[in-house]
Amino acid sequence: CLTPSRCSGVGLALCRRLLEEDGRIHLCIACRNAQKSEATRDLILATYPAAQVSTVEVDLGNLASVLRVARELSCRFQRLDFVYLNAGIMPNPHVNFKALWHGLLSGKVLHMLTTAEGIMTQTDRLNGDGLQEVFATNLFGHFILIRRLESLLCGNEKPSRLIWTSSSNARESAFSLSDYQHAKGRESYSSSKYATDLTSVVLNRKFNKQGLYSSVVCPGLVMSNMTYRILPVFLWKLLMPIMWLIRFFAKTYTLTPYNGAEAHVWLFKQKPEYLDALVKYHSCTSGLGKSYVEPRKIDVDEETAEKFYEKLLELEKEVLERYSDLLD
């Protein structure tokens, strides 16, 4: 079970919960920072001393790093049963308080608070590969990784699973085929998560017959390092009582990483051939703290999904020409 993540938040909670479900799995933690991944491994082993936990270092926003880790994993493992694609960034987030106030007056505030629609923007930039950083880290790095790991994922005795962490912030209005890296907009996070939904839909069409299944989940609003960067910490402390109150009306306010990993763990226990490829599985929590999973149809146009997948393949071909020395 491979889990590319931030080695904290939902990623760490997921690792612990997977071992609660099945202590026999071999868990491989993929993090950008080697020290953090080893620290995460130590935290897990402190609770599950008999667990099989290994680590690899990878920066999903750096193609050379992705290609190196793909080659390393291909040498270390004969197959991968689960790949949790959980790594993501939201650089320089900005909250539009004026829009939030208008939402309060118009009665749309609950929708805005649960989806961040109209109130959350980011400032993106190019990475070292000449790609938009959010697109590269949140989607394209994952895409290249699984493309390079196809031999470990397809044609096994039992199905292999890709489980992508999407978001309720994934919106078609933030995505454009003509600007799929979102270089011209201010909602790069939303665009990258909608692109994630599109990619998962097409991967099922292409690979189900080869025993590879893809699903998307939404962890809900989780108080994690990413969330705490949106507002000053002291302000979050003032808001937390309100957040717990909102949860009585907004079931996607999971708040804790443990609750946020509910859909990830639920999918771990399901037979993929019975799942709906056009559904996103949302982690939800009741006002009294009971966690559950709610399936919701993905708002995607399947023709757009196919066109976007072709653009990903074209971009893959273009960028991999620069890294021929790292290809098998």
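Colleague: Is Glu303 buried or exposed?

Modeller: Glu303 counts as exposed, with a relative accessibility of 52% (buried is under 20% relative accessible area, exposed over 50% and partly exposed in between, with a 1.4 Å probe and protein chains only). This is a predicted model in which local features need pLDDT of at least 70 and side-chain atom pairs count only at pLDDT 80 or more, while totals for chains, interfaces and linings use all residues. Residues are numbered from 1 along each chain as its sequence is written, and side-chain values use heavy atoms, leaving out hydrogens and water.

The partner of Glu303 is Lys307: the two form a salt bridge whose closest N and O atoms are 3.4 Å apart (a side-chain nitrogen of Lys or Arg within 4 Å of a carboxyl oxygen of Asp or Glu). Both residues belong to helix α13, which covers residues 302-320. Because they are 4 residues apart in this helix, about one helical turn separates them. Whereas Glu303 is exposed, Lys307 is partly exposed at 44% relative accessibility.

Glu302 and Glu306 are linked with Arg205 and Lys206 in a network of salt bridges. Glu318 forms a salt bridge with Arg322, with closest N and O atoms 4.0 Å apart. Glu318 is partly exposed at 45%, and Arg322 is likewise partly exposed, at 43%. Elsewhere in the chain, Asp81 is joined to Arg79 by a salt bridge with 3.0 Å between the closest N and O atoms. In that pair Asp81 is buried, with a relative accessible area of 18%, while Arg79 is partly exposed at 45%. The structure holds 18 salt bridges.

(Patch residues have over 30% relative accessible area and no salt bridge; like charges are joined within 9 Å, and nonpolar side chains, namely Val, Leu, Ile, Met, Phe, Trp and Tyr, within 5 Å.) One of its members, Phe249, is exposed, with 64% relative accessible area. Phe249 sits in the loop between α10 (233-246) and α11 (257-260).

As for the cysteines, the count of disulfides comes to 0, a disulfide being a pair of cysteine sulfur atoms within 2.5 Å. The sulfur of Cys75 lies 13 Å from the closest cysteine sulfur, that of Cys28, which is too far for a bond. Cys75 is exposed at 68% relative accessibility, whereas Cys15 is buried at 1%.

On the scale of the chain, there are 13 helices and 10 strands (DSSP runs numbered from the N terminus, with helices being H or I of at least four residues and strands E of at least two). Buried residues account for 56% of the 328 residues. The accessible surface is about 15100 Å², and 53% of this belongs to carbon and sulfur atoms (Shrake-Rupley method, 1.4 Å probe; for residues, only the protein chains shown count as cover). Along its principal axes the C-alpha trace spans about 60 × 50 × 40 Å. Of the contacts between residues at least 6 apart in sequence, 73% join residues at least 24 apart, where contact means heavy atoms within 4.5 Å.
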